[in-house]
Amino acid sequence: MTEMTALRAHHRGGPEVLTVERAPMPVPAAGEVLVAVHAAAITFDELSWEETWTRDGASRTPTIVSHEVSGVVADIASGITDFQVGDEVYGLIGFERDGAAADFVAVPAADLAAKPSTVTHTVAAALPLAGLTALQALVDHAAVRPGESVLVHGGAGGVGGLTVQLAAIRGADVTATVRSDAVDLVRGFGAQRVIDVRAEAFEDAGATFDVVVDTVGGDTLDRSFAVLRPGGRLVTLSAPPPAGKADEYGISATFFIVIPDRGQLTELASMVDSGRLHVEIAATFPLDRGREAFESGRRPGHRAGKTVIVVRE
Ligand SMILES: NC(=O)c1ccc[n+]([C@@H]2O[C@H](COP(=O)([O-])OP(=O)(O)OC[C@H]3O[C@@H](n4cnc5c(N)ncnc54)[C@H](OP(=O)(O)O)[C@@H]3O)[C@@H](O)[C@H]2O)c1
């Protein structure tokens, strides 16, 4: 087989530039595994990321979207001993590489782990990017300790929902903001308090926090400095925080980009398999309606959780 079906973009733009078409079948390079994709989750913002369009400053179009995969190993490069053909795997695909909205994707073996065994590929595909981002925000960047107070902005989102759950699992006292009717859902994730920002500003209660994890950015990020205690930690995912502002408030402020990590994927899979971590699915679309999957994020009132492209049942 030399060709496959893929959801690709030939030039920059929003969902309107995405087309389902024939594309060359990827060939796994040294250290890589070829995965037969069963499901690929999307991040609505990925079409705005520079890595989606360029590598080392040069265009890398046509680009295949969706950087979270769950599937079955179809082929392996010589020398790989950690996986075998037929293994069920899941993982995060580097943003500068072609993604998983396709029949097959080549992925470095080190970026994959065994899929959680108790859930479908659709659910497993929705975990890597959001789960790794949430875990790295809380553990690697904010070093959240049991008993600390944590404010999570965007608690109904793909990353925010898992951040609320993982913070609660780590014994934090969690407050979350939402901009929708998902208050009960996010309480169910383990948040002690949920603020619907359409009705109440998050500063209004006068609370202060040890840690803020911001998945929203913009004005929400700007206003978050003032709700941290002196010495508090702000971790934001949207863009680097304004220079010097953290010093003004006597806090630390960090922006980071999630990285693939097999050990953390294995930890997340085990939390899913033991029933401690729930992955919320907003909607699923077949590959031939992949553009609609991206468009669904623009609809007002779209459901909480991740949107997944199902390639094979
Ligand atoms: N740095 C990294 O490594 C990294 C990794 C993953 C994601 N990200 C970024 O993180 C952000 C979130 O990603 P995601 O996949 O979780 O997106 P998502 O699923 O669209 O979630 C965003 C959530 O924030 C909510 N929201 C929007 N404005 C809000 C406000 N003012 N207050 C409270 N909630 C608000 C949204 O509500 P509505 O549904 O009502 O809009 C939605 O529930 C994106 O900007 C993404 O690019 C960064």
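Predicted model: local features only at pLDDT ≥ 70, side-chain atom pairs only at ≥ 80, totals over all residues.
1. Contact here means heavy atoms within 4.5 Å.

2. Lys-306 belongs to strand S18, which spans residues 306-310. With neighbours within four places in sequence left aside, the residues in contact with Lys-306 are Ala-41, Ile-42, Thr-43, Glu-68, Ala-126, Ala-130, Gly-158, Glu-280, Ile-281, Ala-282 and Ala-283. Ile-42 also provides a backbone oxygen that lies 3.3 Å from a polar atom of the Lys-306 side chain.

3. The relative accessible area of Lys-306 is 7%. The residue therefore counts as buried, the cut-off being under 20%.

4. The domain assignment divides the chain into domain 1 (3-127 + 262-310) and domain 2 (129-255). The centres of domain 1 and domain 2, taken over C-alpha atoms, are separated by 26 Å. Across the boundary, 15 residues of domain 2 are in contact with 19 residues of domain 1.

5. Both domains take part in the shell around the ligand: domain 1 (3-127 + 262-310) and domain 2 (129-255) each contribute at least three residues. The ligand is surrounded by 22 residues, of which Asp-45, Val-159, Arg-179, Phe-256 and Val-258 are the closest.

6. For Val-258, a backbone N or O atom lies 2.7 Å from a ligand oxygen atom; for Phe-256, the corresponding distance to a ligand nitrogen atom is 2.8 Å. A backbone N or O atom of Gly-157 is placed 3.3 Å from an oxygen atom of the ligand. On its own the ligand has 930 Å² of accessible area, and the protein covers 83% of that area.

7. The buried residues of H2 are Pro-128, Leu-129, Ala-130, Gly-131, Leu-132, Thr-133, Ala-134, Leu-135, Gln-136, Ala-137 and Leu-138. One of them, Ala-130, is also in contact with Lys-306. Just after H2, Ala-143 adopts a positive phi of about 45°.

Note on methods:
Residues numbered from 1 in each chain as written. Heavy atoms only, no water. Helix = DSSP H or I, 4+ residues; strand = E, 2+ residues; numbered from the N terminus. Buried < 20%, exposed > 50% of the residue type's maximum accessible area, 1.4 Å probe, protein only. Polar contact = N/O pair within 3.5 Å; in protein donor to acceptor, adjacent residues only side chain to side chain. Near = heavy atom within 4 Å. Areas by Shrake-Rupley, 256 points an atom, 1.4 Å probe, with all protein chains shown as cover. Domains from an automatic or database assignment.
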